[in-house]
Amino acid sequence: MKRLWIAIALLLALTAGTLTLFYSEGALHWVLLRAAAAVPGELSVKTVTGRFAGPITLRGVLYRADAFELRAEEMTVDWSPLALLRATLRITAWHSPQVFITLAPGNAATPAPPEWRLPWRVELAGIRIAQLA
């Protein structure tokens, strides 16, 4: 009987830890730092608010790689964390008032955006960008 109570206590602690991770802003900051280090090129975000489980608001987003630059003053992203159990990164909403994309001038053909190799399948739904420049 004592082992049963220990197992129940461990299960409750694991559940509480998981919920804290998904609903804390601290976990969101930690994941953003890891993501910025993992993507090719340079990713910076001035401020991030929300919860890891979403929705997430990013302000002052800048991504640079080779001859490609993407800037957005604000982005709101929502996603489905449970989709990760199916090896899928599912973005359910991505909204931004303005996104600026700059390609460096050159003599060669227009460069393609950098290629990202993710360990998951990616599903995008509900993308809304008011102005793309």
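Start by selecting Arg-90 and Glu-123: they form a salt bridge, with the closest N and O atoms 3.1 Å apart. (A salt bridge here is a side-chain nitrogen of Lys or Arg within 4 Å of a carboxyl oxygen of Asp or Glu.) The pair ties together distant parts of the chain, since Arg-90 sits in strand S4 and Glu-123 in strand S5, 33 residues apart. Strands are DSSP runs (E, at least two residues), numbered from the N terminus.

Before you move on, keep in mind that this is a predicted model, where local features need pLDDT of at least 70, side-chain atom pairs count only at pLDDT 80 or more, and totals for chains, interfaces and linings use all residues. Residues are numbered from 1 along each chain as its sequence is written, and side-chain values use heavy atoms, with hydrogens and water left out.

The cut-offs: buried is under 20% relative accessible area, exposed is over 50%, and partly exposed lies in between (1.4 Å probe, protein chains only).

Next, pick Arg-71 and Glu-69. Their closest N and O atoms are 3.2 Å apart, making another salt bridge. Glu-69 is buried because its relative accessible area is 17%, while Arg-71, at 34%, counts as partly exposed. How many salt bridges are there by this rule? The count is five.

S3 (residues 68–79) and S4 run antiparallel, joined by eight bridges; strands pair if DSSP finds at least two bridges between them. Look for Arg-71 again: Phe-100 in S4 stands opposite. Then find S6 (residues 127–132), which runs parallel to S4 through five bridges. There, Leu-132 is the bridge partner of Val-99.

Last stop: select Trp-120, in the loop between S4 (88–103) and S5 (121–124). Trp-120 is partly exposed, with a relative accessible area of 38%.

Technical notes. Helix = DSSP H or I, 4+ residues; strand = E, 2+ residues; numbered from the N terminus.
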